[in-house]
Amino acid sequence: MEASTIQKPLRMPDISAKTLHVLAMGFMLLDHLWATVIPGQNWLTSVGRLAFPIFAFLLVEGYFHTHNLKKYTLRLLFFALISEIPFNLMSGAQVFYPYHQNVLWTFLIALFGIWLIERAKHRITGWRLIPVAALIVSSMGLLGNIAMTDYYGSGVLMVFVFYFFRERKWWCILGQLITLYWINVSLLGSMYYPVELFGMQFEVVQQGFALFALGFIWLYHGRQGSHSKAFQYFCYAFYPGHIVILLLLAAVI
């Protein structure tokens with residue numbers, strides 16, 4: 001009599017926070033390669049669209065998992081300051097370029113908004129919290145537009161998407177998909193690619209590639225992964241550091 005075989009249920013891959021950081025940095029590197037060393041290769045910036053939603057998601061996770069919010073915020077502020085000149089040189093070819101600020105300022109604005117809402121939760125309950133939260137979100141989005149931070153107010157809104165739809169429930173996943181589609185395709189959609197499929201012509205929004213980041217985010221189940229202070233600071237330093245290296249490469253090539 002043959003022994004029956006027991007089939008183990010298929011398990012979905014489990015992506016750690018460390019892996020998400022590495023993926024986001026890789027996507028960002030491709031985008032900035034397009035902006036500096038290899039211009040004209042639009043596929044680089046298309047794949048690079050995946051970086052911001054992953055970083056936005058990790059910022060929200062960082063808010064809820066950090067042991068010291070003040071230190072977390074100060075680290076972001078420090079690297080936002082030292083990243084500004086490299087970012088100015090990349091985006092405006094000038095040391096002082098007030099028309100576009102680096103992405104860490106976007107994250108700082110969103111982080112401040114999350115802190116305000118969390119503070120409001122201790123004083124306001126029920127439906128009365130909704131207009132207060134709406135006022136905070138709209139104010140932070142407006143601040144992103146006024147300050148002209150990277151992705152502007154739309155980038156701030158993307159962070160709030162992962163704050164309000166943080167739970168792993170079907171309606172949160174659906175909420176992420178719908179709101180990110182609205183932000184990236186309706187608000188930020190400007191560059192289109194013509195695509196022909198089955199004899200029909202379509203237009204694909206370049207910024208819409210950001211939605212593919214959700215595939216990686218949904219595979220995250222709260223696992224931190226191997227982590228150290230050295231890796232933590234490498235992630236922060238990678239932003240200004242890789243821009244400087246790319247600018248130097250662009251200057252000599």
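**Charges.** I began with the charged side chains of this predicted model. I found 16 positive and 10 negative side chains in the protein. The centres of the two sets lie 16 Å apart.

**Surface.** Next I looked up the accessible surface. The protein's total comes to about 14,700 Å². Carbon and sulfur atoms account for 68% of that area. I then checked burial: of the 253 residues, 43% are buried.

**Elements.** I went through the secondary structure. The protein has 10 helices and 2 strands. I read the order from the N terminus as α-α-α-α-α-α-α-α-β-β-α-α.

**Overall size.** I noted the box that the C-alpha atoms fill, roughly 75 × 55 × 45 Å along the principal axes. Then I looked up the radius of gyration, which is 20 Å. A compact globule of 253 residues would have a value near 18 Å, so the two agree.

**Contacts along the chain.** I took the contacts with a separation of 6 or more. Of these, 70% join residues 24 or more positions apart.

Where is Arg49 found? I placed Arg49 in the loop between α2 (42–48) and α3 (51–65). Is Arg49 buried or exposed? Its relative accessible area is 10%; buried means under 20%, so Arg49 counts as buried.

I then listed what Arg49 touches, leaving aside neighbours within four places in sequence. Its contacts are Asp31, Tyr151, Gln206, Gln207, Phe209 and Ala210.

Conventions: Residues numbered from 1 in each chain as written. Predicted model: local features only at pLDDT ≥ 70, side-chain atom pairs only at ≥ 80, totals over all residues. Heavy atoms only, no water. Helix = DSSP H or I, 4+ residues; strand = E, 2+ residues; numbered from the N terminus. Buried < 20%, exposed > 50% of the residue type's maximum accessible area, 1.4 Å probe, protein only. Contact = heavy atoms within 4.5 Å. Rg over C-alpha atoms; globule rule 2.2 N^0.38 Å. Areas by Shrake-Rupley, 256 points an atom, 1.4 Å probe, with all protein chains shown as cover. Lys, Arg positive; Asp, Glu negative; His and termini not counted. Charge placed at Lys NZ, Arg CZ, Asp CG, Glu CD.
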